[in-house]
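Subject: Structure for you to look at

Hello,

Here is the structure I said I would pass on. Please open it and keep it in view while you read the notes below.

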Amino acid sequence: MAILERKIIHEKATMCSHVSYPRFVLPLHKHVEFEIMLFTQGKGKQFVGEGVSDFQEGDIALIGSNVPHLHLCNTKLHPSSHGDVWCAGEAIQFRPELFPENLQDIPDYHFIYNLLQKSQYGIRFYENGLFTEMQKMIAMFDSMEFTSRIICLLQMLDRLCHCKHTELLSDTAYNQANHIPDSNEPINKIYAYLYNHFKEKISLDEIAEYIKQNPTALCRYFKQRTDKSIFQCLAEIRIGHACKLLAYSEMNVSQIAYESGYNSITHFISQFEKITRRTPSAYREQIRL
């Protein structure tokens, strides 16, 4: 499944930010930043690397640099049984450059180094009162700047280091050195546009206007660089999202088609079979065996 290479824009003169997510809407994505996520509302499935686990309000996770992840809310996965409670979260995102290059050789950073290394698997933390403590630390983080803010971040990480009950979320550790390519490069801008709008009707003219290139030249350039057409990539993104919903939701095929950007169920099934060589129903049956 394709992965969105996400570029996070921090405030001026900082490399760490607090971001609120009133709803989880991003597809499978990754970014250079490490991420501390506090789940503040709802329930759902958390995909981290190769792992899948349930999450609920009050859970805490640490996701490593460039580790692919996705949060799917139960209001989407099980629309018939879960009201209108959307999933929400608060995230602290921070870049690896905040730490010394020889972090592993500095005794003072021993615990934090080990924590960041383990975060490449994704980590979940379980301890009474920890969620409330982390919320208070985030409030302090918001009130600070410059060195004080970095100290607060280190205090958060130190607190997580000393959590007695943790769980790794994936069997595979992802390499944090795999930095995201230049987000201003046209191919990456096209991918970002497709990921951010894959549920909408997308035209070549809209993409070309966004990239500021001639439509014909843009198609030729994209094909030369990727050996695929722009709309092949769009279909792969949509079908990849549909596969997640087929595997983990109770939506019927028509609902999944709509949630994946298709207004025609016939077209959806045709594209699904072309990419996966199975019908949506056969895929769901096989994945749940």
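Does H29 count as buried or exposed? H29 counts as buried, because its relative accessibility is 5% and the cut-off for buried is under 20%. Please keep in mind that this is a predicted model.

The residue H29 belongs to strand β3, which covers residues 29-30. A polar atom of the H29 side chain lies 2.8 Å from the backbone oxygen of P27. Leaving out residues up to four places away in sequence, H29 touches I3, L4, R6, V67, P68 and H69.

Next, strand β9.

Strand β9 runs over residues 88-94, and six of its seven residues are buried, so the strand is largely enclosed by the rest of the structure. One of its partners is strand β2 (residues 16-21), which pairs with β9 in the antiparallel sense over six bridges. Within that part of the model, the bridge partner of S17 is Q93 in β9. Strand β4 (residues 34-41) also runs antiparallel to β9, and seven bridges join these two strands. There, F34 stands opposite F94 of β9.

Which residues does F94 contact, leaving aside its neighbours within four places in sequence? They are M15, C16, E33, F34, I36, L62, F99, L116, L153 and L157.

Now helix α6, which covers residues 204-211.

The buried residues of α6 are I207, A208 and I211. They lie on the same side of α6, because they cover an arc of only 100° around the axis. The exposed residues D205 and E209 are carried on the face of α6 turned away from its buried side. The cover over the buried residues of α6 includes α5 (186-197), α7 and α8.

After α6 comes K212, in the loop between α6 and α7. K212 has a positive phi of about 65° although it is not a glycine. K212 is exposed, with a relative accessible area of 63%. N66 is not a glycine either, and it has a positive phi of about 65°. N66 lies in the loop between β7 and β8 (69-73). Is N66 buried or exposed? At 1% relative accessibility, N66 counts as buried.

A further loop residue is S229.

S229 is in the loop between α7 (215-226) and α8 (230-248). With a relative accessibility of 29%, S229 counts as partly exposed. S229 touches F222 and K223, not counting residues up to four places away in sequence. From S229 to C219 the C-alpha distance is 6.8 Å, and the two are 10 residues apart in sequence.

Last, the cysteines.

A disulfide is a covalent bond between the sulfur atoms of two cysteines. How many disulfides does the count come to? The count comes to zero, taking a disulfide as a pair of cysteine sulfur atoms within 2.5 Å. For C163, the nearest cysteine sulfur is that of C161, 10 Å away. C163 counts as buried, at 8% relative accessibility. For C219, the nearest cysteine sulfur belongs to C233 and is 11 Å away. C219 counts as partly exposed, at 30% relative accessibility.

Regards

Key. Residues numbered from 1 in each chain as written. Predicted model: local features only at pLDDT ≥ 70, side-chain atom pairs only at ≥ 80, totals over all residues. Heavy atoms only, no water. Buried < 20%, exposed > 50% of the residue type's maximum accessible area, 1.4 Å probe, protein only. Helix = DSSP H or I, 4+ residues; strand = E, 2+ residues; numbered from the N terminus. Pairing = 2+ DSSP bridges. Polar contact = N/O pair within 3.5 Å; in protein donor to acceptor, adjacent residues only side chain to side chain. Contact = heavy atoms within 4.5 Å. Arc of directions from axis to C-beta.
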